[in-house]
Amino acid sequence: MPDPVTEPPVTDPVYEALLYCNIPSAAQHSMEGHAPHHFKLVSVHVFIRHGDRYPLYVIPKTKRPEIDCSLVANRKPYHPKLEAFVSHMSKGSGASFESPLNSLPLYPNHPLCEMGELTQTGVVQHLQNGQLLRDIYLKKHRLLPSDWSADQLYLETTGKSRTLQSGLALLYGFLPDFDWKKVYFRHQPSALFCSGNCYCPVRNQYLEKEQRRQYLLRLKNSQLEKTYGEMARIVDVPTKQLRAANPIDSMLCYFCHNASFPCTRNGCIDMEHFKVIKMHQIEDERERREKRLYLGYSLLGAHPVLNQTISRMQRASEGRREELFALYSAHDVTLSPILSALGLSEARFPRFAARLIFELWQDRDKPSEHAVRILYNGVDVTFHTSFCQDHQKRSSKPMCPFEHLVHFVKRDMFVALGSSSSNYYDACHREGV
């Protein structure tokens, strides 16, 4: 399986787009759950990006792509549990969802997709993710007992139907026909999952500088400007209006669903336009890594949720049996800062249905010692993280000690900012960034 961190950077925009689409296949390889035999799995924390969705933006003056967001058994991609999933979701209307989640539909059901709606592809992606994690964590490692209780799950999602539905699809694949009375989805108002710690002026300053960098890079790309001009002429709107409509979002939908790009009487948007915009995205990611402004944003953006995660892991390491399986159903703008903060700067931009997993293990030979593994889309990236990349050089231990991650979140994330701050509040409010 290719390593998303060490493989050569992709320069083919079409290949990159295919990876982004993440079309479900029957065979999924993964390294989740792999550990020396004397280690016992203690807890698992899963961050996902929602599955494939309908665009959030429309290309001006073009017909919307005709994609069916109802779930149909004889249509590809298919999953053997699809009908059972729909049936089970229809029984969940009285279940526990924190407001405003209780007003959202539990599965996509529109014959013509609504903006941002999860597609059948998106549901199947997360049914597959859930089944894969079930095979590893429940059947092999028995993470949860067969009579698991509500307090052994922690479920959190943003207030978008696509994230709630993705979380439910994964949960159904993981725990088929689960008892609705044991399920409680918490609502997270922020895409950063920062809960009560979202106010951070310095983080916003880093983001403004990063957005300025993006703007300047775009100005330098004459081929991109020319492409936007051609597309604007085809749809007969000012170039500025077309760019504001974020056409790549719609174009990726056409591409991923193998639909023809839209045409007008002035001509057709085509594959060459798509390649130019996609290539610019690849170049933007490359420069983002070099300039490191995004890293500052990421360290502060990801700190609250990483801090919550290690607190859960610490409780599990002390023998507490609550929240053994945590699921955060989120967005690309959630996973991307976490990946960057962990030092996984070479990891691919989060595709649809991407999964980032933290595993906590106990050494049976030394029960007071715990280790952590980080996996991204099934690949073990633990020793690519900034907190554990030197571990193998210095230690004979086969797994990354949990305290490395704890020290990283409690101390080293602030050191990486190049500041004298030793806590999140001070780092968020320091002067002179």
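User: Which residues does Ser 329 touch, not counting those up to four places away in sequence?

Analyst: In this predicted model, Ser 329 touches Ile 48, Glu 156, Thr 157, Thr 158, Thr 163, Ser 166, Gly 167 and Phe 193, with residues up to four places away in sequence left out of the list.

User: And where does Ser 329 lie?

Analyst: Ser 329 is part of strand E7, which covers residues 325-330.

User: Is Ser 329 buried or exposed, and why?

Analyst: Ser 329 counts as buried because its relative accessibility is 0%, and buried means under 20%.

User: New topic: where is Asn 221?

Analyst: Asn 221 lies in the loop between helix H5, residues 201-220, and helix H6, residues 222-235.

User: So is Asn 221 buried or exposed?

Analyst: Asn 221 counts as buried, because its relative accessibility is 14%, and the cut-off for buried is under 20%.

User: Which residues is Asn 221 in contact with, leaving aside neighbours within four places in sequence?

Analyst: Asn 221 is in contact with His 280 and Glu 283, once those neighbours are set aside.

User: What joins the side chains of Asn 221 and His 280?

Analyst: A polar contact of 3.2 Å joins those two side chains, while the C-alpha atoms of Asn 221 and His 280, which are 59 residues apart along the chain, are separated by 8.0 Å.

Note on methods: Residues numbered from 1 in each chain as written. Predicted model: local features only at pLDDT ≥ 70, side-chain atom pairs only at ≥ 80, totals over all residues. Heavy atoms only, no water. Helix = DSSP H or I, 4+ residues; strand = E, 2+ residues; numbered from the N terminus. Buried < 20%, exposed > 50% of the residue type's maximum accessible area, 1.4 Å probe, protein only. Contact = heavy atoms within 4.5 Å. Polar contact = N/O pair within 3.5 Å; in protein donor to acceptor, adjacent residues only side chain to side chain.
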